[in-house]
Amino acid sequence: SVHPADAGESLERVLSSELPVERNSRRLPSRWTQFCLGWESNDEPGDSDDDGSGSTASDQSANEASWDERQCCGMSYQTAVIVAAITALALLGILLGHLEEDWSLLTSVYVLMQIVTTIGYGDVTVTSPIMKVFMSFYVLCCLLLSAQILNKMIQSAVRREVIAFAHRFRGSGSHKPGDLDTQTFQFATNSGVVFATLLLIGCIMAGTVFYAVFESCTCSYGISAVADCDGTSVETCRSTGGYSKTWVDCFYMSLITVTTVGFGDNSPKSEQGRMFGIFWCAIGVVCCFNWLATVSQALFERQRRAEIGRA
């Protein structure tokens, strides 16, 4: 994972043009680093395209590219392998859930979403011995892949941030870290915190409104269906023992869900509620983690700049 200190150090090194580049090295900096430094080609400034052996430095760099830099179908090999593994795991889990537990397609995807986001409502669980053994290893594999995806997202976010700041200050005539406009930097940091906070609030409110309006009471379906429940109206649903939610319950469930606590006392029960939850839970968990990372980074940068100012 990328520590905020590494991100700050990378920004300062890019702006001060102090990124280490060995002149005789056959391995060249990555494309995004060259872009930050304002290079017009993949070759090192001042170097010849031909080293006398008939191959250019760009060809040598392409041949010696790392695992993460090689391209396949528009993405790096590492990303392609992760995507393929996620697809295979998802299909395997859905298939076994349908065959061994007699889950519907929607229920299988709904359970898979809970595993990937680590929410774990507990409203749908495995019962057969085969599925219990399979799920024990399946959860570990899903968590490993989820960690890889989160790491890639953080790295991508850090790179975009470095490129944006470098592009803004590269043409100012001074690339020294001390020349950065403090007010501009603080504005960018505060804007990121505000935007991340609004995203999180939006996800929580979206879940609250949806489930309060469309799932105020439901008889559910499949293995979680309530016997003798009449879902003709909200009143009859509640009077016959259906799953009922108030606005407070929906807000509570939304907040508990996006923070991945997932107590399980309130969870989606209807078909439309679970279909919405498959996408909403994933987006909400990402927004929550993004908010935590953004606020932590902002606090770290504020403390770091205060220490620099006292030095």
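The accessible surface of the protein chain comes to about 17800 Å², and carbon and sulfur atoms hold 62% of that area; such areas come from the Shrake-Rupley method with a 1.4 Å probe, and for residues only the protein chains shown count as cover. This is a predicted model, in which local features need pLDDT of at least 70 and side-chain atom pairs count only at pLDDT 80 or more, whereas totals for chains, interfaces and linings use all residues. Residues are numbered from 1 along each chain as its sequence is written, and side-chain values use heavy atoms, with hydrogens and water left out.

The protein chain has 10 helices and four strands, these being DSSP runs numbered from the N terminus (helices H or I, at least four residues; strands E, at least two). Of its 311 residues, 35% are buried, where buried means under 20% relative accessible area, exposed over 50%, and partly exposed in between (1.4 Å probe, protein chains only).

On the surface, a nonpolar patch with about 960 Å² of accessible area together includes Val-194, Ile-201, Phe-214 and Trp-247.

Helix α4 (residues 77-100) has 24 residues and reaches 34 Å from its first C-alpha to its last, close to the 34 Å expected at 1.5 Å a residue, the expected span being 1.5 Å times one less than the number of residues. Among the buried residues of α4 are Ile-82, Leu-89 and Gly-93, and just after the helix Asp-102 takes a positive phi of about 60 degrees.

A search of the whole structure finds two disulfides, each defined as a pair of cysteine sulfur atoms within 2.5 Å.

| Disulfide | S to S distance |
|---|---|
| Cys-217 to Cys-237 | 2.2 Å |
| Cys-219 to Cys-229 | 2.0 Å |

The torsion about the S-S bond of Cys-219 and Cys-229 is about -65 degrees, so that disulfide is left-handed. Both Cys-217 and Cys-237 are buried, as are Cys-219 and Cys-229. Cys-288 is in no disulfide, the nearest cysteine sulfur, that of Cys-287, being 8.8 Å away, and Cys-288 is buried, with a relative accessible area of 6%.

Notes
Patches are made of residues with over 30% relative accessible area and no salt bridge: like charges are joined within 9 Å, nonpolar side chains (Val, Leu, Ile, Met, Phe, Trp, Tyr) within 5 Å. A salt bridge is a side-chain nitrogen of Lys or Arg within 4 Å of a carboxyl oxygen of Asp or Glu.
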